[in-house]
Amino acid sequence: MLSVTFNISFNNTSKKVACGKSQSVNQLVQTALEKFKVTGQHGELFHNGKRVDSSLPIRLTNLVNNSKLVLVVSDESKEKIVNIKLAINAKNEIKSYILKTSNTRSLREILEEFEKNNGCDITGGEEFELTVLNSKIGGNSEEMNSSLKSIIGSDVSSLVMRLAYLQANSNAEEQQKINEIQMQRMREYQRQEREKKEIEQRSREEAARQTSQQQQHHEHHEHHEVQSTDNVENHKASEASNNSFKRQLDRSEAAQTSTSETATTDDTTTPEGSDQASPAPVEQKDTLYIPSQFSTYENPDDDYEMTVDQAQKYHKMIINSSKKPAAPKPKSKPSKYSIRIKFPDRLMLQLEMSDPTAKLGHLLKKIDEYLVPEFQNNYNLKIGYPPFSKIPISLTHNNTSLEDSPFFQDEKIVLIWESLTTHAKGPYIVENDFARENIKRINELPEIKLETNRSNLPADPSPRSAVPSVPSSGISQNAEKSSVNTSKKVPKWFKPTK
């Protein structure tokens with residue numbers, strides 16, 4: 001409730017007067033005087049025989065809605081000297097002045113006296129807003145000509161007035177700059193998307209060409225095997241010619257695939273002397289994953305059907321679970337790190353760190369290189385799984401090696417990025433800092449690909465679902481075979497704990 005209503009009595013007449021909770025009691029008095037059409041007199045309010053302090057806001061007087069008040073008027077002016085401190089919020093600094101004056105003077109006269117005593121220009125040039133207690137008064141409003149006593153009452157002996165200059169155009173200019181930056185980033189993102197589609201199209205064409213080459217290679221290889229089996233008697237004589245044919249074929253295949261992005265690894269019959277040195281490992285670079293849609297796999301009903309073999313396996317696991325578990329082996333320290341950081345706008349940054357002795361400060365510096373300047377050194381990091389512990393960031397912790405930190409004991413870690421600024425909106429990462437091949441979609445992650453294509457995986461060999469009927473003469477023999485050949489498969493839904 002932002003406003004309250006009071007039943008105010010005056011000269012045996014009662015009227016309802018409404019006002020806001022942020023207004024002062026003196027403003028309620030002025031409203032009541034206008035309601036009862038009383039002019040030129042001073043008023044006070046009483047509640048249960050006690051005078052209500054006119055300097056307090058209504059929300060601090062403990063007056064509830066529909067409280068009964070009594071208005072008492074008098075002819076006394078009650079002029080009083082008030083100590084006033086004027087705080088001016090200028091563009092780049094805050095100025096303050098102090099003045100003693102009468103509470104019967106108007107606000108405009110008080111500001112003119114401040115200018116006269118301090119030799120400054122306060123009211124000229126720009127629009128301003130004056131805050132007196134809980135009242136905000138515009139520089140061109142009629143309330144500037146009202147007396148100070150009518151606003152604060154006669155009980156106040158000292159107060160602070162705040163003057164702020166209005167800057168209407170600056171906000172519009174800042175919003176226009178933000179809009180231009182967002183449009184520029186959108187155009188850059190669209191350009192990168194077009195280039196990415198062209199790269200994907202070229203990669204599909206290259207993959208199709210490599211597939212056709214592999215098929216031709218397999219056809220030649222199968223044809224060679226058929227010829228070698230038909231000529232068993234002349235195997236020794238034809239072995240030399242076959243080996244030379246394979247050598248020539250492998251050399252031509254290696255020359256064709258050397259310019260492609262991935263090398264063919266299906267050839268297992270390369271003779272000695274033709275092996276090439278293995279390529280040097282490619283250094284993994286930081287990758288930015290942008291949001292995208294993907295579908296999840298739902299298990300069909302037959303995945304939940306338990307067979308006899310699976311029930312026997314399950315029974316054996318229950319028996320083994322009662323045994324004392326083996327002592328856990330000491331965990332070795334990570335040799336490298338692959339850290340994924342999730343942002344509020346669903347972007348995910350994957351950082352590759354090959355040095356496990358790097359310090360936490362190095363990781364924070366690496367993150368800041370990709371952030372928008374306003375979010376640099378202005379965020380928290382949390383572990384990406386319950387209980388979502390916050391990683392302490394300080395001068396002492398930043399000098400701690402990652403391998404010695406309890407939060408970085410695994411090679412693959414997921415973190416959550418949070419801005420210290422409340423209600424901060426993205427973008428948080430500068431996408432221009434990444435090469436085109438290092439910006440990927442979320443659905444290109446290996447685990448997302450596996451989840452999306454689970455329906456295309458080969459099915460497990462179907463174990464026996466019941467004990468088959470056999471003749472009486474072979475019962476014992478088949479029973480032994482069934483006990484020996486018990487399937488080791490378990491249902492997909494059953495994952496026993498270690």
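Reader: In strand E10, which residue is the bridge partner of Leu86?

Author: This is a predicted model, and what follows is computed from its coordinates. Strand E6, residues 81-89, and strand E10, residues 158-165, pair in the parallel sense over seven bridges. Within that pairing Lys85 stands opposite Val160 in E10, and the bridge partner of Leu86 in E10 is Met161.

Reader: In what order do the strands of the open sheet of five lie?

Author: The edge strands, each pairing on one side only, are E7 (94-102) and E9 (135-138). From one strand to the next the twist averages 25°, and the pairing in this open sheet is mixed.

Reader: Turning to the largest nonpolar core, which element gives the largest share of its residues?

Author: This core has 32 residues, of which Phe408, Leu415 and Trp417 touch the most other members. Two or more residues come from each of the strands E11 (287-290), E12 (337-342), E13 (348-353), E14 (379-383) and E15 (412-419), and from helix H7 (360-368). The largest share, four residues, comes from H7.

Reader: How many residues are in the other core, the one that lies apart?

Author: Among the members of this other core are Leu86, Phe114, Leu148 and Leu163. Its number of residues is 23.

Reader: Is Trp417 buried or exposed, and what is its relative accessible area?

Author: Leaving aside neighbours within four places in sequence, Trp417 is in contact with Ile341, Lys342, Phe343, Pro344, Leu371, Phe375, Tyr379, Asn380, Leu381 and Tyr428. Because burial requires a value under 20%, Trp417 counts as buried, with a relative accessible area of 1%.

Reader: Are the rings of Trp417 and Tyr428 stacked, edge-to-face or tilted?

Author: A pair of aromatic rings is described by the distance of the centres and the angle of the planes. For Trp417 and Tyr428 the centres are 5.2 Å apart and the planes stand at 55°. Since stacked pairs need planes under 30 degrees apart and edge-to-face pairs over 60, this pair is tilted.

Reader: Which residues do ring pairs link into a cluster?

Author: The structure holds eight aromatic pairs, and the pair of Trp417 and Tyr428 is tilted. Ring pairs link into a cluster the residues Phe343, Phe375, Tyr379, Trp417 and Tyr428.

Reader: How many bridges join strand E1 to strand E2?

Author: Strand E1 spans residues 3-10 and strand E2 residues 13-20, and the two run antiparallel. One of the pairings is that of Ser9, whose bridge partner in E2 is Ser14. The hairpin has two residues between the strands, and the number of bridges joining E1 to E2 is eight.

Reader: What is the phi of Asn377, a residue other than glycine?

Author: Most residues other than glycine have a negative phi, and most peptide bonds are trans. Asn11, in the loop between E1 and E2, takes a positive phi near 55° and counts as exposed at 58% relative accessibility. Asn377 lies in the loop between H7 and E14 and counts as exposed at 68% relative accessibility. The phi of Asn377 is positive, near 55°.

Reader: What is the omega of the peptide bond from Pro386 to Pro387?

Author: Pro387 lies in the loop between E14 and helix H8 (395-398). The bond from Pro386 to Pro387 is cis, with omega near 5°.

How values were computed: Residues numbered from 1 in each chain as written. Predicted model: local features only at pLDDT ≥ 70, side-chain atom pairs only at ≥ 80, totals over all residues. Heavy atoms only, no water. Pairing = 2+ DSSP bridges. Core = buried A, V, L, I, M, F, W, Y, C linked by side-chain atoms within 4.5 Å. Buried < 20%, exposed > 50% of the residue type's maximum accessible area, 1.4 Å probe, protein only. Contact = heavy atoms within 4.5 Å. Phe/Tyr/Trp six-rings, centres within 6.5 Å; stacked < 30°, edge-to-face > 60°. Axes fitted to C-alpha atoms, helices over the stretch in contact; angles between N-to-C directions.
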